[in-house]
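Please open the structure in your viewer and keep the selection panel at hand.

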Amino acid sequence: MRRNKIALIGGGQIGGVLAQLTALRQLGDVVLFDIVQDFPQGKALDLAEAAKIDGFDGRVTGTNDYSDITGADMVIITAGLPRKPGMSRDDLLVTNAKIMQNVAENVKQYAPDAIVIVISNPLDAMVTLFRKVSGFPHHKVIGQAGVLDSSRFATFIAWELGVSVKDINAMVLGGHGDTMVPLVRYANVNGIPVMELLERKYKDAAKAKEVMTAMVERTKMAGGEVVKLLKTGSAFYSPASAAIQMAEAILFDEKRVLPVCAYLNGEFNVSGYYVGVPAVLGANGIEKILELTLDAEEQALMDNSVKAVTELVADMERLGF
Ligand code: A3D
């Protein structure tokens with residue numbers, strides 16, 4: 001039985017960490033593609049030379065030639081430009097749409113059976129465009145955003161409560177932008193509602209709400225917070241980890257329930273758009289969307305977020321993509 005072949009399109013900050021995690025976790029052979037001459041080859045060589053020390057057998061190669069991704073089982077896309085300080089995700093739209101169009105045409109040609117995870121921003125638009133250009137089945141084209149946004153939300157809750165982040169269950173739905181929807185009511189620590197723990201901690205419902213609101217706002221702005229600190233580039237460790245969790249769920253047919261950017265066909269009352277929702281990830285990619293009951297306030301936030309996604313996609317279409 002041959003090893004899985006995992007093509008990483010974009011060998012920049014996230015692409016490099018993806019390559020390392022893929023190798024360390026022995027998910028398969030890595031092909032790192034980038035348009036910059038020699039750059040992916042250099043990263044791949046560096047990583048391959050760590051195999052003896054880290055004890056992995058998977059091959060790691062770098063390339064500027066799309067034919068090297070032939071037959072890839074999985075493709076993870078980070079090609080594109082990251083945000084610069086003060087730049088919104090949507091400013092990236094035109095530049096990254098041109099790149100994504102080119103990537104999708106090549107993935108379609110060389111890895112037509114792959115399951116694809118898109119990370120490039122603006123995420124909801126890029127995953128939509130990849131799907132459109134490639135013509136791949138919707139369940140095999142998935143966007144990474146919710147796993148990361150949820151991990152950020154969980155991190156802030158864990159810090160606030162002084163408990164292990166491993167025991168936090170928290171989910172963020174909607175688009176990957178400022179309108180994303182961290183689900184407060186469903187956030188819990190091994191089943192105990194976070195709001196209850198906050199109310200006990202502060203002995204004041206209003207203060208507990210205030211603290212939660214601050215964590216929700218920080219989650220929504222978390223990408224920008226990192227951008228501001230880094231000065232050049234955007235988050236890369238955590239987005240790579242998030243995509244690897246999705247990749248493992250698919251490669252090992254785990255049926256994990258993860259919040260991902262999935263194509264909706266009537267679920268959550270949305271049709272024809274990619275939006276962040278809980279989904280079951282397994283060998284077939286997205287195997288099921290899990291719907292859940294939203295109260296009026298949550299539904300209004302979700303509607304607002306879906307509206308932002310539809311506007312972003314409309315912008316992209318108006319620009320000719
Ligand atoms: P960066 O380090 O710049 O890497 C991007 C790579 O893409 C560079 O090495 C480029 O040379 C390469 N590239 C450019 N054009 C092409 C092309 N046509 N074909 C192939 N490769 C090309 O960026 P990064 O790794 O930090 O971020 C990559 C993308 O992920 C950006 O769009 C970010 O905005 C996005 N991002 C998304 C999230 C999400 O959670 C959705 C989080 C963080 C970053």
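Is the crossing of helix 6 and helix 8 left-handed or right-handed? Bear in mind as you look that this is a predicted model. Select residues 146–161 for helix 6 and residues 205–220 for helix 8, whose axes are 9 Å apart and whose packing angle is about 145 degrees; the crossing is right-handed. To see the contact itself, show the side chains of Asp149, Arg152, Phe153, Phe156, Ile157, Trp159 and Glu160 on helix 6, which meet Val211, Met212, Met215, Val216, Arg218 and Thr219 on helix 8. Coloured by class, this contact of helix 6 with helix 8 shows 8 nonpolar, 1 polar and 4 charged residues.

Next, select helix 4 (93–110) together with helix 5, residues 123–134. Here the axes are again listed as 9 Å apart, with an angle of about 35 degrees, and helix 4 passes helix 5 in a right-handed crossing. On the helix 4 side the contact includes Leu93, Asn96, Ala97 and Met100, while on the helix 5 side it includes Ala125, Met126, Leu129 and Phe130. By class, the residues of this contact divide into 10 nonpolar, 3 polar and 2 charged.

Now turn to the ligand and display the 28 residues around it, of which Gln13, Ile14, Asp34, Thr78 and Ile119 come nearest. Helix 4 returns here, for both helix 1 (13–24) and helix 4 supply at least two residues each to the shell around the ligand. In composition the shell has 15 nonpolar, 12 polar and 1 charged residue.

Finally, examine the backbone at two loop positions. Most residues other than glycine have a negative phi, and most peptide bonds are trans. Then select Asp38, in the loop between strand 2 (29–33) and helix 2 (39–48), where phi is positive, near 70 degrees, although the residue is not a glycine.

Key:
Residues numbered from 1 in each chain as written. Predicted model: local features only at pLDDT ≥ 70, side-chain atom pairs only at ≥ 80, totals over all residues. Heavy atoms only, no water. Near = heavy atom within 4 Å. Helix = DSSP H or I, 4+ residues; strand = E, 2+ residues; numbered from the N terminus. Nonpolar A, V, L, I, M, F, W, Y, C, P; charged D, E, K, R; others polar. Axes fitted to C-alpha atoms, helices over the stretch in contact; angles between N-to-C directions. Left-handed = near helix turned anticlockwise from the far one by under 90°. Contact = heavy atoms within 4.5 Å.
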